[in-house]
Amino acid sequence: MNFLGTQALISLISHILFIVVTFWALKGLLIEKWIKKNHIRQARLLYLFFSIAIGYLVSSFFIEFILLSRNLIFLF
């Protein structure tokens, strides 16, 4: 049971970390040309949704990669 709690905590921390990193990385894009005037709130919400989506996918990839690489010992 302790393993499941530890894995859940690591997953949560990983997801949040990658969402924050993705949000920071998206700030480097110049998308002001695509935003209509007076639609700043919608653009910020879109930034947030893109950050969550991309951060979750990247975090899931790394967690899955680590779990699969740990299971390689059962191959030999």
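Hi everyone, let's start at Thr22, which sits in helix α1, residues 2-26. Helices here are DSSP runs of H or I with at least four residues, strands are runs of E with at least two, and both are numbered from the N terminus. Before going on: this is a predicted model, where local features need pLDDT of at least 70, side-chain atom pairs count only at pLDDT 80 or more, and totals for chains, interfaces and linings use all residues. Residues are numbered from 1 along each chain as its sequence is written, and side-chain values use heavy atoms, leaving out hydrogens and water.

Is Thr22 buried or exposed? Thr22 is buried, because its relative accessible area is 10%; buried means under 20%, exposed over 50%, and partly exposed in between, with a 1.4 Å probe and protein chains only. Leaving aside residues up to four places away in sequence, Thr22 touches Phe50, Ser51, Ile54 and Gly55, where contact means heavy atoms within 4.5 Å.

Now over to Leu45, in helix α2, residues 40-70. Leu45 is partly exposed, with a relative accessible area of 43%.

Let's step back to the whole chain. How many helices and strands does the protein chain have? There are 2 helices and 0 strands. The C-alpha trace spans about 60 × 25 × 15 Å along its principal axes. Buried residues are 16% of the 76 residues. Finally, look at contacts with a separation of 6 or more: residues 24 or more positions apart account for 84% of them.
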